[in-house]
Amino acid sequence: MQPGPARAHRDVARGRRPAGVLGVVRAIVFVVSLGPLLRLVVLGAGDGLGANPVEFVTRSLGTWTLVFLCLGLAISPLRWLGAPAAIVRLRRMLGLYAFFYASLHFLMYLWLDQWFDWRAIVADIVERPFIAAGFVAWLLMIPLALTSNRFAMRRLGSRWQLLHRLVYLLVPAGVLHFWWHKAGKNDIGEPAIYALIVALLLLARVVRRARRVGPPDQAGPASRVRSSA
Amino acid sequence: MLIRTRSQHPVQPSEITPSAAFGRRREILRAATAAGLLPVAAALARPARANPAPQRLEAGPSPLSTDEPRTSYEDVTSYNNFYEFGTGKDDPSRHAHQMPTRPWTISIEGAVAKPGVYDIDTLLGLASLEERVYRMRCVEGWSMVIPWVGYSLSELVRRVEPRGDAKYIEFATLADEASMPGLRTRVLLWPYVEGLRMDEAMHPLALLCFGLYGDVLPGQNGAPVRIVVPWKYGFKSGKSLVAIRFVEKQPMTSWHIAAPHEYGFYSNVNPDVPHPRWSQATERRIGEDGFLSRKRKTLMFNGYAEQVASLYAGMDLRRQF
């Protein structure tokens, strides 16, 4: 029985305030996570966004979305490797930052790239798999962001974790979005790095599950649901 | 045949002071002075020779120039696709100075009466240089207005006297592993090859280009000699040419080999034929009104339809894209 994630989930659901050290760590992570946005603002103010600022900003926001998704996915494996249980309490913030950067990334596309030309946008999403993959990934993030609060956790109970397994769908969709964007120019070095990281993070879950699901006396169905986050 | 030019960078690696010695230069000087060995120390501490200042190219105006506002020199030389130096837009400007561009020769090969190896200085003097301000539309959806310096490619083609079986021209560009870090990746088949149909190459707009903003081309823009075909997507305009081949069959060009469904041989700018991954209907003009500028409509043949549309009469440009 691994009480960590499940207990943390219960703690968050019950609204327990984080302890002192954790509170400080969360404050630091919160501020540091604003760094990528701050950097863009500073670069923009200093004319440092290069010849194609819209492209620069859009791509930077997309990259940071992937980074935060990977960080969020890394929490459970880190726990299994012996990191303190409390890091689970950082996951919601990392996930919400991923959604924040993804939304800004999408907004850049809608506004400064397409100028809210809805016909062109719909055509883009329908006709181009690379846009569709990114759009689907962002769409799937919405219910997760909306149910990231204590109230939704309490209301949904065990269904909450089921719902939040959408992350296993949306992160690969996000990587695919990046991969397809670069694939036509054969430039898959960077997406390959993210694909590898995500594959490892997902593989860690498969391995753990395979180990734990063996004979039924070793792990009951309840613990399987709880521990697969 | 591919001409491999020896590294002729003004600073030979052997001339550069080892960093360990440089770090201890004062110490070495002091010790050397004490020992009466100052001449030796001076040799050790010899400063690296600076790169020569950009060389001006005298060029007259051309009626083929557009009077649209020019994209800044800064943007034209810092936002480049030149994958031999890396796939990032800033990779070429960071690495291209390593490329040896003198001496330089172009090998003229294939179905011509006068094949041979032509020196860059010979080529520079072959016809009078003109400043041609052209729109440049990248397949990625951005564009610039660039004052190139050169003369019509046809001037060179005529002088080497193509034979009747020369139907296409193939351009091979430099692949120098010592100066081009991007060659280590397999993004494309190196050396980069582009091509034109003979009538396209003979069109006066097709430019054999040596300069930019009145100076010799910077490395990242294709020094010392490139072609510029303004009615086609930018990747058709091969940089740092080392060979021009006159051939009978349509050349297999690098991007076409890499992704045949995305990049056709012709690759004429065409707002009606979308790239599989994005629309080509609009483009972002680099440097135009900053961050909040709207994209502009892309024009058929990049606005050169009046001059070049007749080259493609009767062709289905959706299929032969």
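A close look at chain A

Author: Among contacts in chain A between residues at least 6 apart in sequence, 66% join residues at least 24 apart, where two residues are in contact if their C-beta atoms, placed from the backbone, lie within 7 Å. This is a predicted model, in which local features need pLDDT of at least 70 and side-chain atom pairs count only at pLDDT 80 or more, while totals for chains, interfaces and linings use all residues. Residues are numbered from 1 along each chain as its sequence is written, and chains are lettered from A and ligands numbered from 1 in the order in which they are written.

Chain A has 12 helices and zero strands, these being DSSP runs numbered from the N terminus (helices H or I, at least four residues; strands E, at least two).

Turning to the neighbouring chain, 14 residues of chain A are in contact with 21 residues of chain B. On the side of chain A that touches chain B, the elements giving two or more residues are α4 (53-80) and α6 (118-127) of chain A. The residues of that side divide into six nonpolar, five polar and three charged, with Ala, Val, Leu, Ile, Met, Phe, Trp, Tyr, Cys and Pro counted as nonpolar, Asp, Glu, Lys and Arg as charged, and the others, Gly among them, as polar.
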